[in-house]
Amino acid sequence: MTLEQMFESFIREKQYLDNRSPRTVKHYRAAFKTYRRFVAGEEVTQDSINSFVVEARRAGMSAGCLNSYIRGFNSFLDWLHEQELTPTHLRCRRLKQEQKVGRAFTEDELRRLLDYKPQSFGERRAHALTLALIDTGARVDEFLSLTRENVNFESLTIKVKGKGSKERIVPMSIELRRVLVRYLKTHDHALVFPARNGAKFDYQNSYRDFTNLQKRLGIMPIGFHALRRTFAKSYLRHGGNLLYLKAVLGHVRLETTEKYVEVEGVALQETHARTSPLARLK
């Protein structure tokens, strides 16, 4: 069996047994294609893995980009070991990279988003989706698959299906309820954020609309993850705790949640002013 045939077996299992999402499968394929770009042999060894990393770096690939492919390729290496197709459990070691602080939306940018008056159906969908992501901290894929029946306006909760098809309940504000009630009057489809014909709206087009929305509002375009980061920072800064935030975001490990929020100088000063023994006893 060739390496390509083994990879296709791996993909079938991930799709039909582990129920991986189309985006995850696409990522696996991109990782394998990148490995094949630099390694031609049929046998996967530690030497071939190291060669993959070295040649990719020599070709100018950034550490961040390569680490993304390494994560996907390691899943294939795990599968090869489970199937006893490699003598040892091979791993591709991720590269050290500079940890950059991810940008969140500013108060002024949030105000511009809230005050925006969309005109067309596409603008209304992009606007409502953006506000929903800011208000709940959900992943965009979770909302692109969201149906009306999973939005409970009475209890102010939304049931989403996250990674690994795990369901969880996320709360929403009264303000978001108003937005969604008004927006849902613009179409009769089962999906909350559908394509015009009612089918699932794809990620790339939703990203395009989100980028265009930011440009119309004079905001330097940033990705969907900024909405999740904005929610997380606001949640903690206004009294939420890290364990609850972990549950809302749907993370398995607390370490993952911690990466979403960096401690800000202003927040530290405000907290210290409230908690300082000297300030309280003054």
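Modeller: The lining of the second largest pocket has, by class, 13 nonpolar, six polar and eight charged residues. Here Ala, Val, Leu, Ile, Met, Phe, Trp, Tyr, Cys and Pro count as nonpolar, Asp, Glu, Lys and Arg as charged, and the others, Gly among them, as polar. The model is predicted, with local features requiring pLDDT of at least 70 and side-chain atom pairs pLDDT 80 or more, while totals for chains, interfaces and linings use all residues. Residues are numbered from 1 along each chain as its sequence is written, and side-chain values use heavy atoms, without hydrogens or water.

The second largest pocket has a volume of about 760 Å³. Of the 27 residues in its lining, L113, L114, L131, E175 and V179 are the closest to its centre. Four helices each supply at least two residues of this lining: α5 (107–115), α6, α8 (174–184) and α10 (225–237). A pocket is an open set of points on a 1 Å grid with protein on both sides within 12 Å along at least five of seven lines, a cavity is a set where a 1.4 Å probe fits but cannot get out, and lining residues have an atom within 4 Å of a point.

The largest cavity holds about 60 Å³ of space. Its lining consists of G122, R125, A126, L129, T130, F201, S206, D209, F210 and F224. By class, the lining of the largest cavity has five nonpolar, three polar and two charged residues. Helices α6 (121–136) and α9 each supply at least two residues of that lining, and α6 gives the largest share, five residues.

One of the lining residues of the largest cavity is D209, which is found in helix α9 (residues 203–216). D209 has a relative accessibility of 12% and therefore counts as buried (under 20% relative accessible area, with a 1.4 Å probe). Not counting residues up to four places away in sequence, D209 touches G122, R125, A126 and F201 (heavy atoms within 4.5 Å).

Elsewhere, the helices pack on one another. Helix α2 (residues 22–38) and helix α4 (residues 63–82) have axes 8 Å apart and pack at an angle of about 95°. The two helices are therefore roughly perpendicular to each other (65 to 115 degrees). On the α2 side the residues are H27, Y28, A30, A31, F32, T34 and Y35, and they meet S68, Y69, G72, F73, S75 and F76 in α4. By class, this contact of α2 with α4 has eight nonpolar, five polar and no charged residues.

The axes of α2 and α3 come within 9 Å and cross at roughly 85°, and α2 is therefore roughly perpendicular to α3. T34, Y35 and F38 of α2 make this contact with S48, F52, E55 and A56 of α3. By class, the contact of α2 with α3 has four nonpolar, two polar and one charged residues.

A56 lies in helix α3 (residues 46–58) and, at 0% relative accessibility, therefore counts as buried. Leaving aside neighbours within four places in sequence, A56 is in contact with F38, M61 and L66. The C-alpha atoms of A56 and R23 are separated by 23 Å, the two residues being 33 residues apart along the chain.

Key: Axes fitted to C-alpha atoms, helices over the stretch in contact; angles between N-to-C directions. Parallel < 35°, antiparallel > 145°, perpendicular 65-115°, else oblique. Buried < 20%, exposed > 50% of the residue type's maximum accessible area, 1.4 Å probe, protein only. Points joined across faces, edges and corners; volume = space filled by probe spheres on them.
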